[in-house]
Amino acid sequence: MKRRQALKNIGLGAGIFVIGPSALSLLQSCKNEPEYDWEPAFLTASHGYALKKILNIILPTSDTPGATDLNIPQFIDSYMDKVADEERRDRFLRSANAFSRSFKKEFDKEQGEGSEEDFEQLIKKYLKATPAEKEAYAKRNTETQDAQNQDPEVEIDDDAGAFAYLTSIRGVGIWAWKNSEEIGENVMWYDPIPGEYIPCGSIDEFGGGKAMSL
């Protein structure tokens, strides 16, 4: 990418998604992969289908490119396949499986058969949960991780895992959207040669109120 690169941590499926130059390079390479013939490398076809649906709802195409336009599902799958360590991969897959179980419990069908309306309903259930519900999910996730340290076969709680999965996908999806070359250079305020110090200035002078692209 042409913009400056920085390390950053983002939660991803009860783990930490470490963002560094390798991840940024992977994000850039994914823009050339056609969305219509994508086959997940790490995720199952069902999980890949769900990931695309989730991201298309969180980051839909509008007057700016959406998740599908920028191949963000491919980026997340590729990161887990090529960059993430074994523990992070395992935790991500456990949370994806928890979401799949929650989907089936909610709609009595597999996630691979789900409609956009189904996914919208489940996203609303978890991402718009009350503060008390979110706190309970987080507590259950912590308890599950402690139990897994003693017994790796312990499954993550379905609701808590689905909440963690969606929260993480939203976080990394937004990060990837903002750091893609298309958004960074054509939607956000992009300065290819930053560094000038201006102590005072109006919003109109500096990017027209847009967030600056790093």
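Good morning. I shall begin with the core. The largest nonpolar core in this predicted model comprises 37 residues. Ile54, Ile72, Ile76, Phe92, Phe99, Tyr165 and Ile169 are the members with the most contacts inside this core. Which helices supply at least two residues each? They are H2, spanning 45-58, H3, spanning 72-82, H4, spanning 86-107, H5, spanning 116-127, and H7, spanning 158-179. Helix H7 provides the largest share, namely 10 residues.

Let me take Ile72 as an example from that list. Setting aside residues up to four places away in sequence, Ile72 touches Leu55, Leu59, Ala67, Gly173, Ala176 and Trp177.

I turn now to a helix pair. In general, two packed helices are described by the angle between their axes and the distance between the axes. For H2 and H5, the axes come within 10 Å and cross at roughly 70°. An angle from 65 to 115 degrees counts as roughly perpendicular, and H2 is therefore roughly perpendicular to H5. On the H2 side, the contact is made by Tyr49, Ala50, Lys53, Ile54, Ile57 and Ile58. On the H5 side, Glu116, Phe119, Glu120, Ile123 and Leu127 take part. By class, the residues of this contact divide into eight nonpolar, three charged and no polar. Ile54, on the H2 side of this contact, was also named among the core residues with the most contacts.

Helix H2 also contains His47. Is His47 buried or exposed? Its relative accessible area is 5%, so His47 counts as buried, the cut-off for burial being under 20%. Apart from residues up to four places away in sequence, His47 touches Leu93, Ala96, Asn97, Ser100 and Gln111.

What lies 3.0 Å from a polar atom of the Asp118 side chain? It is the backbone nitrogen of Ser115. Beyond its neighbours within four places in sequence, Asp118 is in contact with Phe103, Phe107 and Lys109.

Next comes Tyr137, which is located in helix H6, residues 131-150. Tyr137 is buried, because its relative accessible area is 7%, below the 20% limit. The residues touched by Tyr137, not counting those up to four places away in sequence, are Tyr126, Ala129, Asp159, Ala160 and Phe163. One of these, Asp159, is 22 residues from Tyr137 in sequence, and the C-alpha atoms of the two are 7.0 Å apart in space.

Most residues other than glycine have a negative phi. Asn71 has a phi near 55° and is placed in the loop between H2 and H3. Asp108 has a phi near 60° and sits in the loop between H4 and H5. How do their surroundings compare? With a relative accessible area of 3%, Asn71 is buried, whereas Asp108, with 68%, is exposed. The cut-offs behind those two labels are under 20% for buried and over 50% for exposed.

Thank you for your attention.

Key:
Residues numbered from 1 in each chain as written. Predicted model: local features only at pLDDT ≥ 70, side-chain atom pairs only at ≥ 80, totals over all residues. Heavy atoms only, no water. Core = buried A, V, L, I, M, F, W, Y, C linked by side-chain atoms within 4.5 Å. Buried < 20%, exposed > 50% of the residue type's maximum accessible area, 1.4 Å probe, protein only. Helix = DSSP H or I, 4+ residues; strand = E, 2+ residues; numbered from the N terminus. Contact = heavy atoms within 4.5 Å. Polar contact = N/O pair within 3.5 Å; in protein donor to acceptor, adjacent residues only side chain to side chain. Axes fitted to C-alpha atoms, helices over the stretch in contact; angles between N-to-C directions. Parallel < 35°, antiparallel > 145°, perpendicular 65-115°, else oblique. Nonpolar A, V, L, I, M, F, W, Y, C, P; charged D, E, K, R; others polar.
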